[in-house]
Amino acid sequence: MTSPSLAKLTDDLSQPLDQTALRSVDRAIGELRRGDPVLVEDLEGRLALALSVEAVTAEALEELRKSAGAAPVLAVTRPRAVAIGLPGQQAPVVTLALTGGLDADAIHALVDPTRRTSEGPGPTLSVAPAELGTREGAAVALAKLARLLPAAVVAPVRPPRGATAGTWAAKHDLMLVRARDILDYQTHAARTLTLVGDAAVPLVDAENTRVLAFRPPDGGVEHLAIVIGDPSAQDGPALVRLHSECFTGDLLGSLRCDCGDQLRGAIAEIARQGSGIVLYLAQEGRGIGLVNKLRAYQLQDEGFDTVEANEMLGFDADERVYLPAAEMLRQLGFSQVRLLTNNPDKLRQLARCGIEVIDRVPHVFPSNGHNEAYLKTKAERSGHMF
Ligand SMILES: Nc1nc2c(ncn2[C@@H]2O[C@H](COP(=O)(O)OP(=O)(O)OP(=O)(O)O)[C@@H](O)[C@H]2O)c(=O)[nH]1
Ligand SMILES: [Zn+2]
């Protein structure tokens, strides 16, 4: 499943930014992360209550059934459906009808591979495919945006005659969010980043450095541009590093990956070459968030590789979108770059966002006795060039 923003429903980015839509998705993300249900409206106007699987308890399930007045289903992504052995699915989302036998514990066992239980999928009434624009597909996409496990319990809602989605949501004190806005969120949130900070920050390996902060319109986490020297498009394509945030590698010196070396190495290399930019992107865990990356590490400690671990959790191997990086480069005046990377996908993704990569500059660091398997998997399964 390509990330929902790349399968965006509206291609016309010149449309005025719909702040209401952004706000509704951002608020719905907060509700899900608080463990509260939201009301999702699909592309045909059908409604459902959606609850993050991380908030599922016996009481929450009962409450959902009562409020909706209909039996819920469990919606998981295709990678998770494959991981739990459901029959071959082509759709991006798969729903399981929740029979009496599928209680809160069984749901957690189905969706979270780090929960050790011997239970199998249990008695499920039926398995059905769902597209992204459905209530179930949109609920799963929203859980991904919330950096939760990418699965949801979804209960169809039929408001009484005369009630609208808005009045029904207000009456039940629920956040109403539309599938269309969920699927367009990342595109819209990246489109108008606002420069909100710009300060000189001399670095040990690059004294002449400024750090610029760009805030997305939804008020989300800022992306940073570490500008070294005085790069100018007049002097040709800038030397650039797209660096996805890695708390464990960048800050703690984790030996599980090569991020820390790559971050410090990029700053030193750009300073050595005179000027350039490190874009520090709020995309922890290849876009799945720190908590899910820690879950992925638990699975890797059981012998799965970094791609398998993502997929067992229900994610794609890489959930990142590069629209924020392209937007920052555009605002900094660059449409052509030389890219410090070993990852060919970054070149393809930047090209799709309108940034021309004139040259790939290898960015390889020696393994450290802990990250060989990780680097080997990136080479063998993600096409990284070491
Ligand atoms: N999901 C997941 N993410 C990881 C794991 N190890 C590191 N990461 C994340 O992977 C990302 C690495 O980002 P980058 O170093 O910018 O990019 P890259 O895809 O490795 O490609 P390069 O440009 O060649 O470094 C960071 O967000 C890390 O948090 C892992 O085992 N699982
Ligand atoms: Zn890392």
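This is a chat about the predicted model shown above.

Visitor: What should I know about the model before we start?

Guide: It's a predicted model, so local features need pLDDT of at least 70 and side-chain atom pairs count only at pLDDT 80 or more, while totals for chains, interfaces and linings use all residues. Residues are numbered from 1 along each chain as its sequence is written, chains are lettered from A and ligands numbered from 1 in the order in which they are written, and side-chain values use heavy atoms, with hydrogens and water left out.

Visitor: How many helices and strands does the chain have?

Guide: There are 14 helices and 14 strands. Those are DSSP runs numbered from the N terminus: H or I with at least four residues for helices, E with at least two for strands.

Visitor: How much of the chain counts as buried?

Guide: 54% of the 386 residues. Buried means under 20% relative accessible area, exposed over 50%, and partly exposed in between, with a 1.4 Å probe and protein chains only.

Visitor: What share of contacts links residues 24 or more positions apart?

Guide: 68% of the contacts with a separation of 6 or more. Contact means heavy atoms within 4.5 Å.

Visitor: Switching topic: which domain does UniProt place here, and where?

Guide: An unreviewed UniProt entry has the feature "domain: GTP cyclohydrolase II" at residues 205–362. UniProt positions are given in the numbering used here, feature names are shortened, and annotations may be inferred rather than shown by experiment. In the model, residues 205–362 are 36% helix and 23% strand, with end C-alpha atoms 19 Å apart.

Visitor: Take Ile270. Is it buried or exposed?

Guide: Ile270 counts as buried, because its relative accessibility is 0%. It lies in helix 9, residues 259–273. Leaving aside neighbours within four places in sequence, Ile270 is in contact with several residues, among them Ile228, Leu239, Val278 and Leu340. Ala238 is 32 residues away from Ile270 in sequence and 9.5 Å away in space, C-alpha to C-alpha.

Visitor: You mentioned Leu239. How far is it from Val361?

Guide: Their C-alpha atoms are separated by 8.6 Å, though Val361 and Leu239 are 122 residues apart along the chain. Val361 lies in strand 14, residues 356–361, and counts as buried at 13% relative accessibility. With neighbours within four places in sequence left aside, the contacts of Val361 are Leu239, Arg338, Leu339, Leu340 and Thr341.

Visitor: Which residues have a positive phi without being glycine?

Guide: Asp173 is one, with a phi of about 55°, and Arg286 is another, also with about 55°. Asp173 is in the loop between helix 6 (165–171) and strand 7 (176–178), and counts as exposed at 67% relative accessibility. Arg286 is in the loop between strand 12 (276–281) and helix 10 (290–300), but counts as buried at 17%.

Visitor: And Arg135, where is that one?

Guide: Arg135 lies in helix 5, residues 135–145. Its relative accessible area is 15%, so Arg135 is buried. Leaving aside neighbours within four places in sequence, its contacts include Val40, Asp42, Arg46 and Val154. Glu44 is 91 residues from Arg135 along the chain, with 9.6 Å between their C-alpha atoms.

Visitor: What about His108: which residues is it in contact with?

Guide: Val53, Glu54, Val56 and Arg115, leaving aside neighbours within four places in sequence. His108 lies in helix 4, residues 104–111, and counts as buried at 7% relative accessibility.

Visitor: Last one: how exposed is Glu62?

Guide: Glu62 counts as partly exposed, at 40% relative accessibility. It's found in helix 2, residues 58–68.
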